[in-house]
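Subject: Structure handover

Hello,

Here is the structure you asked about, followed by notes on what was found in it. Please keep it open while you read.

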Amino acid sequence: MADWFSVRMRATEEDILGDGGRHISGCERLVTEDRVHAVLEQMWRRAKSHEHGNAHAINIRIDAIDSASIRRIPPLAIESLAYATVKEGRAASCALLERHGISKTAAQRALAAIATLPRSMRGAMVVDAISGERLDGLGERGVRLSRMDCENEENFTKFLQNAMLRLAIGGDTPRAMAKFREALVLASKAAAAPGYAGELCWSDDPNYSTGYVACGKTYHRISPMKEPGNPIGGRVLFVRPGAPLAEIIDYWQRQPVLVADEFCGPS
Ligand code: AMP
């Protein structure tokens, strides 16, 4: 059986404020040994050429993963919704979340929490799906999902391209395609946690105003979720009241997960 490795990258700006330095970009992969080198090169390029600034420190961590510990999951189904304005995109996100058991209060608080962030976080806020209270207590760090990927890069790329054709999503750049790929893997892993209720996200990439809502086993790509040029994005993961929070966070941060190849046929 192939050996798998978790490869993580975190790039930060110079630490002027004494808080570890502003987060510029990060990346989480889980790949076989023969792909580690190529992934390291991609991460290096991404860290060096990020629109958020010059990386002062780039941390890369590689951990060997016991292949018996890897959980295989299906990807979320993909849908796409386009609106004329950010206001409409965000209103549609709220409505979708409400249709899947997240209260109006929680959906609106989550939207406001992302929209008023003074700067992007490293991870996601974990929020109660009914009260809208933030539960993780991890401040600007949030909960960072890691140790996840697709099982077969080539087939997963075809799966995404088919979905884009079916939904008539065109014109995406390779960078935007990579973001879509990473977001779908992340959202699929997030959704496989016990007590998970949904997710709301838009990117901090100033050139990428598409966001998504994940709920009801579907990844709803929504555009626009922010004004072009805005460098602040964020993620909220909703959990049901009384969900086993420590167990869920441990799964999100540590459980190795692959989106299984067997589910990535024509979408
Ligand atoms: P991105 O789509 O990569 O621009 O990320 C948008 C926001 O999602 C970031 O500002 C973070 O708050 C959050 N985020 C990015 N990567 C992760 C991750 N691996 N786990 C949890 N949250 C993340």
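Is A95 buried, partly exposed or exposed? The model is a predicted one, and in it A95 has a relative accessible area of 32%. Buried means under 20% and exposed means over 50%, so A95 counts as partly exposed. A95 belongs to helix α2.

Helices α2 and α3

Helix α2 covers residues 86–99 and helix α3 covers residues 104–115. Their axes lie 9 Å apart, and the packing angle is about 140°. That angle makes α2 oblique to α3. The crossing of α2 past α3 is right-handed. On the α2 side the residues that meet α3 are R90, C94, L97 and E98. On the α3 side they are K104, A107, Q108, L111 and A115. Sorted by class, this contact has five nonpolar residues, one polar residue and three charged residues. When you look at the numbering, remember that an α-helix has 3.6 residues a turn, so residues three or four places apart point the same way.

Helices α4 and α5

Helix α4 spans residues 153–166, and helix α5 spans residues 174–191. The two axes come within 11 Å and cross at roughly 105°. The pair is therefore roughly perpendicular. From α4, the contact uses E153, F156, T157, F159, L160, Q161 and M164. From α5, the contact uses M177, F180, R181, L184 and V185. By class there are eight nonpolar, two polar and two charged residues in the contact of α4 with α5.

Helix α5 has 18 residues. From its first C-alpha to its last it reaches 26 Å, close to the 26 Å expected at 1.5 Å a residue. Of the 18 residues of α5, 13 are buried, so this helix is largely enclosed by the rest of the structure.

Helix α1

Helix α1 is made of residues 33–48, which is 16 residues. The distance from its first C-alpha to its last is 24 Å, close to the 22 Å expected at 1.5 Å a residue. Which residues of α1 are buried? They are V36, V39, M43, R46 and A47. The elements that cover the buried residues of α1 include the strands β1 (4–12), β2 (23–32) and β3 (57–65), together with helix α5.

Backbone points to check in the loops

Most residues other than glycine have a negative phi, and most peptide bonds are trans.

- R147 has a positive phi, near 60°, and is not a glycine. R147 sits in the loop between β6 (125–128) and β7 (148–150). Its relative accessibility is 11%, so R147 counts as buried.
- A168 also has a positive phi, near 55°, and is not a glycine. A168 is found in the loop between α4 and α5. With a relative accessibility of 70%, A168 counts as exposed.
- The peptide bond from S223 to P224 is cis, with omega near -10°. P224 lies in the loop that runs between β10 (218–223) and β11 (234–239).

Regards

Methods: Residues are numbered from 1 along each chain as its sequence is written. This is a predicted model: local features need pLDDT of at least 70, side-chain atom pairs count only at pLDDT 80 or more; totals for chains, interfaces and linings use all residues. Side-chain values use heavy atoms; hydrogens and water are left out. Axes are lines fitted to C-alpha atoms, for helices over the stretch in contact, and angles run from 0 to 180 degrees between N-to-C directions. Helices (H or I, at least four residues) and strands (E, at least two) are DSSP runs, numbered from the N terminus. Angles under 35 degrees count as roughly parallel, over 145 as roughly antiparallel, 65 to 115 as roughly perpendicular and the rest as oblique. A crossing is left-handed if the near helix is turned anticlockwise from the far one by less than a right angle, and right-handed if clockwise. Contact means heavy atoms within 4.5 Å. Ala, Val, Leu, Ile, Met, Phe, Trp, Tyr, Cys and Pro count as nonpolar, Asp, Glu, Lys and Arg as charged, and the others, Gly among them, as polar. The expected span of a helix is 1.5 Å times one less than its number of residues. Buried means under 20% relative accessible area, exposed over 50%, partly exposed in between (1.4 Å probe, protein chains only).
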